[in-house]
Amino acid sequence: MKSDVIIIGAGAAGLMCGIEAGKRGRAVVILDHASKIGQKILVSGGGRCNFTNLNIQAENYLSANPHFCKSALARFTPQDFISLVKKHRISFHEKDDGQMFCNGSSRQIVDMLIDECNSAGVEMRLNCKIQDITKKKRFIVKTNSGMIESESLVVATGGLSYPNLGATNFGHRIASQFGLRVIPPRPALVPLTFSRGDSEKFAELSGISLKASVNCRGHEFRGEMLFTHRGLSGPAILQASSYWENGEKIIINLLPGIDAHSIFLSNRQSRVEMKNLLSRYLPRRFAHIWCEFYFSSRPLCQYNEKDLLTTSRLIHGWSIKPAGTEGYRTAEVTAGGVDTNELSSKTMEAKKVTGLYFIGEVIDVTGHLGGYNLHWAWASGWIAGQYA
Ligand SMILES: Cc1cc2nc3c(=O)[nH]c(=O)nc-3n(C[C@H](O)[C@H](O)[C@H](O)COP(=O)(O)OP(=O)(O)OC[C@H]3O[C@@H](n4cnc5c(N)ncnc54)[C@H](O)[C@@H]3O)c2cc1C
């Protein structure tokens, strides 16, 4: 069979690329080894798909080259995706910080993309196992359902996280096969785990969540933080995890926006116990257990100046050294991937290999939590769809 464009991966980026290339009149076939289209879109945003963010900027992305994503983000904006959602009469709402969610279900976004693919004449082959890829003048892709030849090959195989949803390192292997550098991948937006000692020490905190500010290597995120039986999770931790490296500490401000020392000074003469005073600002169970770890809770009037200063510093700068992360099984995304220096930021085409494109999470561009990763998939897919 002959085609103009073969896209590997029927996820967010691959579908968007297929729609755009199809609209240009290109004969497009999308191949996926999974039995369902857009599985990660379906589970995204807790089933409601946080499909974009109104505040998208290059600063919301991690990459060895922080400038690479700028061109795609400028050319395909959140409003562009919202227009598509409106065209399909999908109702949506803005949650915190510009995060856009479906009112109904993520299924609506997948159906919308399938609908657009059908209108653009895109062929879709599921359960398609790719056995071999070669390139002479054209690409030749051998699959369990026959051989396909094409002028362009677009790799949209995503990252390594959630292997149970079909994630593989196939895209990285294709890059290596064609001599393109891959930045070592690592789990990102992932819960952090405690060391064995901390695990035992903090076991009683499991299930508690509180609002904190978490700093990792100078990157600070404010939001909910959750104690799990293995470590720490919740949005603020997931965000910080993308910057975390083995052996690093994270610094947690337990009372962001509140000056603990001033509170202590204004209760200096009081007989209220420290753990009860802290319970006014933190979950009671947390305040009580946490005080036991670090000092014996006494009435405020029994603390001297130095103790109060030390305690307030601990509250605003609680330092924890995670043992690791929960890994790809629960990581929302994969950081690292195909080195952006190998690709044109204007087209997503490999500089060394004419007709070979990489889009979406397989590239070394990783978004913060909040709709940024899907938006990168849409934007990079849209761009490649104009040229592939
Ligand atoms: C639980 C969860 C929730 C998330 N929620 C959000 C959210 O609300 N908002 C947000 O912005 N981001 C969210 N993300 C991240 C977002 O889903 C991904 O970044 C995005 O889907 C990446 O798009 P992609 O097209 O690059 O890859 P994917 O959507 O992962 O698609 C890759 C496709 O390639 C296929 N494939 C892989 N290997 C092969 C192979 N060897 N042969 C053939 N096909 C192959 C896969 O089956 C898959 O269909 C979430 C991720 C997870 C895991």
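Predicted model: local features only at pLDDT ≥ 70, side-chain atom pairs only at ≥ 80, totals over all residues.
Residues are numbered from 1 along each chain as its sequence is written.

Let me begin with the overall layout. The C-alpha trace of the protein chain spans about 85 × 40 × 35 Å along its principal axes, and the chain has 13 helices and 21 strands, where helices (H or I, at least four residues) and strands (E, at least two) are DSSP runs numbered from the N terminus. The chain is divided into domain 1, which takes in 2–187 + 333–387, and domain 2, which takes in 192–325; these bounds come from an automatic or database domain assignment. The C-alpha centres of the two domains lie 39 Å apart, and six residues of domain 1 are in contact with five residues of domain 2, contact meaning that the C-beta atoms, placed from the backbone, lie within 7 Å. On the side of domain 1 that touches domain 2, the residues divide into four nonpolar, two polar and no charged; here Ala, Val, Leu, Ile, Met, Phe, Trp, Tyr, Cys and Pro count as nonpolar, Asp, Glu, Lys and Arg as charged, and the others, Gly among them, as polar.

Now to the ligand. Which residues are the closest to the ligand? Of the 39 residues that surround the ligand, the closest are G9, G11, G158, G166 and G360, and a residue is taken as near if its C-beta atom, placed from the backbone, lies within 6 Å of the molecule. The elements that give two or more residues to this shell are α1 (12–23), α2 (39–43) and α13 (372–387). By class, the shell has 19 nonpolar, 16 polar and four charged residues.

Of the 388 residues in the chain, 46% count as buried, that is, with 20 or more other C-beta atoms within 10 Å of their own, whereas exposed means 12 or fewer and partly exposed lies in between, with C-beta atoms placed from the backbone. Leaving aside neighbours within four places in sequence, I359 is in contact with several residues, including A13, C17, V154 and A384.

L189 deserves a separate word. L189 lies in the loop between β11 (182–188) and β12 (192–193), and has a positive phi of about 50 degrees although it is not a glycine. Is L189 buried or exposed? L189 is buried, because 25 other C-beta atoms lie within 10 Å. R89 also has a positive phi, of about 55 degrees, without being a glycine, but R89 is exposed, with 8 other C-beta atoms within 10 Å, and it lies in the loop between α4 (78–87) and β5 (92–94).

Finally, the sheet. Seven strands form an open antiparallel sheet in the order β17-β16-β13-β14-β15-β12-β18, two strands being paired if DSSP finds at least two bridges between them. β17 (318–320) and β18 (324–325) stand at the edges with a single partner strand each, so one side of each is left without a neighbour in the sheet. Eight bridges join β13 (residues 209–216) to β14, with K211 having E224 as its bridge partner in β14, and in the hairpin of these strands, which has two residues between them, R217 takes a positive phi near 50 degrees. On the other pairing of β13, three bridges join that strand to β16 (residues 250–253), where S213 stands opposite N253. β14 (residues 219–227) in turn pairs with β15 (residues 231–233) over two bridges, and the bridge partner of F227 in β15 is L232.

Conventions:
Contact = placed C-beta atoms within 7 Å.
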